[in-house]
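Here is a short briefing on a structure. It runs from confidence to fold to contacts.

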2 protein chains.
Amino acid sequence: MTPSARRRSTVHDVARVAGVSRGTVSRVLNGGYVSDAAREAIEDAIRAVGYVPNTAARNLVRQRTQAVAFIVHEPHAVFLEDPNIGAIMLGTNQALSEADYQMVCLVVDSVRDTERVARYLNGGFVDGAVIVSARAQDPITTAVARLRLPVAYVGHPPDVDAAWVGVDNRGAARDVTTRLLQTGRTRVGMIAAALDRDSGTDRLAGFTDALGDRFDSDLVEEVPLYSYADGAGAMARLLARAPDLDGVFAASDAVAAGALWALREAGRRVPEDVGIVGFDNSSWATRTSPQLSTVDQPAEGLGAAAAASVLAQLQGDESGPDGIILDTPVVWRDSA
Amino acid sequence: MTPSARRRSTVHDVARVAGVSRGTVSRVLNGGYVSDAAREAIEDAIRAVGYVPNTAARNLVRQRTQAVAFIVHEPHAVFLEDPNIGAIMLGTNQALSEADYQMVCLVVDSVRDTERVARYLNGGFVDGAVIVSARAQDPITTAVARLRLPVAYVGHPPDVDAAWVGVDNRGAARDVTTRLLQTGRTRVGMIAAALDRDSGTDRLAGFTDALGDRFDSDLVEEVPLYSYADGAGAMARLLARAPDLDGVFAASDAVAAGALWALREAGRRVPEDVGIVGFDNSSWATRTSPQLSTVDQPAEGLGAAAAASVLAQLQGDESGPDGIILDTPVVWRDSA
DNA sequence: GGATTTTCTGTGAACGTGCACACATCGTTG
DNA sequence: CAACGATGTGTGCACGTTCACAGAAAATCC
């Protein structure tokens, strides 16, 4: 009953107890010819000594870890607010899980983190990576490229050529804006956000497409983040500048929720006075009143597709397409 | 210019190029006596061959990984909705980052995940773990205990004795309910949630404490999750059962936000007709109108404290207290 | 009944690193 | 000048596993 067991037990211990050699123990674990008698003795011995394989040693010789990194590189506030990231992560986790891979999520929140994560990737802890919202000149991107680590980006790829999955932000933005116009709105504005990223610029471009020659730059307000607070502030400024506004396309549901609050503060009724549409179909969309009309961005699907791409590369399948675009149906609810 | 480099370069390559032995290369990396000439030659060689230490090999011999797991075990919906988890995670990440440890987040979303994560921990990928919302009979808890892995739980500890950090849920619930009563409310109810967990039961106990002999079990509605949807449903049922209700303590801000929606649907004004308080002081609290009075749960602080505890254990410091309780000031806003 | 295949097992060599040890060279000291 | 400490370097072993190989025993075939 002495619970000593200072040292972890190894294959050697199992072999000694079972009265066989290391090789045979390895074979019962990894497959190969082994007699029933030996197998039974070894399985008993494994239980007896409480043996668990040391994965570091296994990885060292196998040159793979059965783990894939999920790297998220977002400013503090967005990470906490944006339910999309969590959904993408769960999608990735589930897809990897089914292939018996371990997802390892790494958060980059400072320059220090960036360098440490790059080191981590270099260190051979993972076989591949799914990267959300990468920056182009990132040490992480560099490390990934140099190591030729199988990778899939969620969102537009940076300069390096690599697999990626995304949605047609521009087309979806055009569609949803068009439907807003078709309901009779004549003064339609936009709250554009995150213009330092392709998703931000593409959504703005889609809005511009839809308006055509009716486009009025006075009706566009730009903010840095896909956040509730930025949405609320932008809406207030937009109303001050264009009181006759009767429609708004918000670059994300969080932004739309903030805008909704600002509209109510200003005494406007939604959708009677002003129609508003969002983007993402995140949990925000059904939590506001009225509920948001929005673009359904299949966040979990994005995560799963990225994982599938990495897994395919790990299988040595180079044939897959570089870019995968998922569908984004418009969900029509009450806000417009 | 041939970008071949099929194989990763090792210390041997560096040593060969620099014209020294492996040992000397190891010394310039890990410290020790080495001449200026040799150091310079080796540093040049490292750059020339693009050498990066193989961490798996290093871990194998050093028996540590400089990484700590952050394990989150939550049902799908809560994970996406609850900003607390993200905040705890960022707190942990920051504290570990400062000590040059890599945080590795593992998500448990299915039984399959549970077993794989237990294997991962067994495999020696990490030196310790911070665990959020563990279940008592969990294979993960078992694995952690058997491995004697340095660990800190966020929230009440399970049966095993181990370090943990948390808040005084009962005391805070009592405080916030008391202040609700002091503003003249006479029919105060509660939406209790997550009674399968200590945080859930403790908050209910605090509420009961505060009411004393004024407690009326008709005014308590129980729901499974700390979620917006559960809050909205519970509020509707509570109103149907007790139309004269004039105060509500919701077990979390998300629940309170849902309840707020249901109150508005029912035509009640907040705080005039009904006062409501939440718990967490998460981003929900400032996003509703009116903004929520609530208990400030220092989520990032919890994550940081848990990380600090694990780091202390890694330093061999066994003296730290088993349980750490952080302060939870009441934040008074407009909803009550 | 010998040749061949199938089944089973043990041994040695990796994987890439860190560390203890031995050894060599210097300058200093008594 | 012998003895010593400080500085610099190379070699062997260990970490715990997998895998290739060789060889033994059993089963199958012509």
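pLDDT is the predictor's confidence in each residue, from 0 to 100. Helices (H or I, at least four residues) and strands (E, at least two) are DSSP runs, numbered from the N terminus. This is a predicted model: local features need pLDDT of at least 70, side-chain atom pairs count only at pLDDT 80 or more, and totals for chains, interfaces and linings use all residues. Residues are numbered from 1 along each chain as its sequence is written, while chains are lettered from A and ligands numbered from 1 in the order in which they are written.

**Confidence**
- Chain A averages a pLDDT of 87, and 94% of its residues score at least 70.
- Residues 1-5 of chain A have a pLDDT below 50. Beyond near neighbours in sequence, this stretch has zero contacts in the model. A contact means that the C-beta atoms of two residues, placed from the backbone, lie within 7 Å.

**The sheet of chain A**
- Four strands form an open, parallel sheet in the order S7-S6-S8-S9. Strands pair if DSSP finds at least two bridges between them.
- Strand S7 (220-223) and strand S9 (275-277) of chain A are at the edges with a single partner strand each, so one side of each has no neighbour in the sheet.
- The twist averages 15° from one strand to the next. Axes are lines fitted to C-alpha atoms, for helices over the stretch in contact, and angles run from 0 to 180 degrees between N-to-C directions.
- Strand S6 (residues 188-193) of chain A runs parallel to S7(A), joined by four bridges. Here A:Met190 faces A:Val220 of S7(A).

**Helices on the sheet**
- Helix H9 (residues 169-182) of chain A lies across S6, S8 and S9 of chain A, at about 165° to S8(A).
- Helix H12 (residues 253-265) of chain A also touches S6, S8 and S9 of chain A, at about 145° to S8(A).

**DNA strand D**
- 28 residues surround DNA strand D (C-beta atom, placed from the backbone, within 6 Å). The closest are A:Thr10, A:Asn54, A:Ala57, B:Ser21 and B:Gly23.
- Helix H2 (22-30) and helix H4 (55-62), in both chain A and chain B, each give two or more residues to this surface.

**Chain A with chain B**
- 41 residues of chain B contact 41 residues of chain A.
- H6(B) gives the most to the side of chain B that touches chain A, with eight residues.
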